[in-house]
Amino acid sequence: MFAFCGYNFCADKNALDSTPREAKEVRRAALSHGILDHWHMTRDVASAYSSNIPTVWDIMTVMDANFNGNLNAGNVDFILSSLDGFNIKRRKVGEFDWVNLAYIPVSEIGGLDIAYNDNLAQSGVEYEYALVPVAGGVEGNYLSNTVGAEFDGVFICDADTVYRFYAGVEYGASEKVQKIGVFEPYGRKYPVFVSNGALNYEQGSFSGTVLAPGYLEHGKLDRLEMVKERKVLLDFLTNKRAKILKDWNGNIWLCCIVGNPSIDYNQASGMGIANVGASYVEIGDANNQTDLYNAGLVSEVQ
Amino acid sequence: MALTRPILLNVNAFDAANAQSFQFVVQGGDQVAANRLIVQRQDTQQVVYNQKIQSFKFQHDLQAGTLTNGVYYQATITTYNAAGDASNLSTPIQFYCYTTPSFAFNNLPANNLIDNDSFDFGVTYNQSEGELLNSYSFVLYDVQGVQLSTSGTQYVSAAATLPINIHYEFKGMADSTVYYIQAQGVTAGGTTIQTTRERIMVQYVQPATFSVVTLSNNCEGGYITIGSMFVSITGEVSPGPPKYVDDNTALDVRGDLDSATFSGFTISGDFTASLWGRDFDINEGDIIWLRFVPRDETEQPLMDIQVGYRQDIDDANKVYADCWVTDFTRYHSLQYYIYSPSVAKPSSTDKMQFWLRRIGNLYTIELHNLGGGS
């Protein structure tokens, strides 16, 4: 069918009906005068007619109400006004225990749009994330999905900040620290091995070239920007807060920066380019809820 | 050298229908060659058991059926050396005999098939002599019997009465995965009990082809972005409260002034709308009324789409649906009218479907009698 001067030419009973102007947005639907079993609206206009009641919500669905004792027409069984907030949880696929990353109060959510960045994820791991509505201190059903984490570079980050090293990245030799005493008493050929502590952590160092923002895209070295970038990075490294150091190999350490971060200037560039390095000491398990909470990287203990 | 006073170790409440071992400790003195266990009722001091056995073991086994359930007893032990000399009586211990309580899951679904990522496991405890449950815990195992999660020790209220129903919800179980679930408990008398370890299978009813949780891997940023695609729309019924019928599976809005209204959503452009129901009023008001309104809803609406249900005037056994599209932005509110082919008139129990599609500024209306009524 086509329109010509406001009329259509198909010799049907509506052939001379004028076509209305295309309107913009439907924002209200009223249903009446019957016993309603199911109501469904979708943006899909390609599928053929079907008498089957849809059983799943898909990307095209606008609303779906089954009237099973409620008037809910959305894809969640809660409304914003009844919630306190959402817990954001994460676990590795195949494991059972969740790590509670954050709690977002409803007051901080615009409508029901949640956006949260998990800077603490480990590269090469498949994760399952869950959004859990909380009402009256009680958690509702877990709404979850999975994703494989794959990062390119070496990252030093905390809950709010991520710094990426990509050029000139190096690790110094790292150590696995343990406290062992070797006691050499008289009269024995061999010493006595004494271990009374549980210390077992890693320590090491890393360094990388600090480049101006956008250098990898346009190759332009802005000296002033590099100076600013180094200052921001050094302030971040010396803020006395726990961090996550992770890389594209899947290494991940929950650590603190110790000692004095160093700046090694490249003479050939007129001291414009510099490598920043620092030493770290591991302070916990990067996938343990309690360690992350004690490190201040998550706000929930469980 | 003489015999020292033995120390009879405490025993928890046990079922008199089972054998019970009484153990004792002897420190120093002659070697024990025999022992005598005396069991008396605590209330009447009546001796119900008094036997001496020849044994070097620091143990006296009481045969099943010797005592009676529901009775509070005390027991003492005396030891003898090879010469037949007796020790002093031990300090008595007290214990109950209680029938083995029942402790089993009460709400596992058919075939132990769970269709969700979470399940609230329920267990019922009962005991014929009235012994209460003191504490319990639920434990979830993987298919190899490795413990995955536990509720921890939970305590029962002192005011609880038999039978006692306890429950705990495990969340986050994975799809297509086998688990084992078991509950353990300790009675007021100190007896440890547990349910059988039940094998359960988790099989989600609806595989997640669409998820309200969106995840995005930021490769160069080193982080994962978690977002939501929640849609929360709740209708209103006027006048309220809503009347649900058909065993709470349908909404009755047959009254002249009754309607269910949905707002808080926006759809622009093309759409398909379907309404399933029954017993619609013929030649009454709109079955479906879609309103296009401006952003500022105090202003005049832009367009209405109204679907009605009509009697075919040429055939009393047929009905059809029609659709009026009123464009308020046109002079004299231009109207567009289409109607569906007629279908057999349904009974009040036959399922009907109104189907409306809009593509561009062209509409299609269909009415289907899906039958199924009695």
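# Chains A and B: group meeting talk

The contact between the two chains takes 98 residues from chain A and 111 residues from chain B; contact here means heavy atoms within 4.5 Å. Before I go on, this is a predicted model, where local features need pLDDT of at least 70, side-chain atom pairs count only at pLDDT 80 or more, and totals for chains, interfaces and linings use all residues. Residues are numbered from 1 along each chain as its sequence is written, chains are lettered from A and ligands numbered from 1 in the order in which they are written, and side-chain values use heavy atoms, with hydrogens and water left out.

Back to the interface. Chain A and chain B bury about 9,300 Å² between them, and 58% of that is on carbon and sulfur atoms. Buried area is the accessible area, taken with a 1.4 Å probe, that two parts lose on being put together, summed over both. A:R27, A:H33 and A:I35 supply 11% of what chain A buries against chain B, more than any other three residues.

How many salt bridges does the rule find across the interface of chain A and chain B? One. The rule asks for a side-chain nitrogen of Lys or Arg within 4 Å of a carboxyl oxygen of Asp or Glu. B:K351 and A:D37 meet in a salt bridge through their side chains, at 3.0 Å from N to O. Polar contacts between chain A and chain B come to 38 residue pairs, both residues at pLDDT 80 or more. A polar contact is a pair of N or O atoms within 3.5 Å; within protein, one must be able to donate a hydrogen and the other to accept it, and residues adjacent in sequence count only if both atoms are side-chain atoms. Among the elements that give two or more residues to the side of chain A that touches chain B are β3 (25–32), β4 (35–42) and β9 (126–135) of chain A.

Now chain A itself. It has three helices and 21 strands; these are DSSP runs, helices being H or I of at least four residues and strands E of at least two, numbered from the N terminus. Of its 302 residues, 43% count as buried. Buried means under 20% relative accessible area, exposed over 50%, and partly exposed in between, with a 1.4 Å probe and protein chains only.

One residue to look at is A:G85, in strand β6 (residues 85–92) of chain A. Is A:G85 buried or exposed? Its relative accessible area is 0%, so A:G85 is buried. A:G85 touches, among others, A:Y103, A:P105 and A:V132, leaving out residues up to four places away in sequence.

In chain B, an open sheet of four strands runs β4-β3-β6-β7, with antiparallel pairing. β4 (47–54) and β7 (93–97) of chain B are at the edges with a single partner strand each, so one side of each has no neighbour in the sheet. Strands pair if DSSP finds at least two bridges between them. Eight bridges join β3 (residues 34–41) to β6 (residues 71–80) of chain B, and B:A34 has B:Y80 as its bridge partner in β6.

Last, B:S128 sits in the loop between β10 (119–126) and β11 (133–142) of chain B. B:S128 counts as exposed because its relative accessibility is 60%. Its side chain makes polar contacts of 3.3 Å with the side chain of B:T99 and with that of B:E129.
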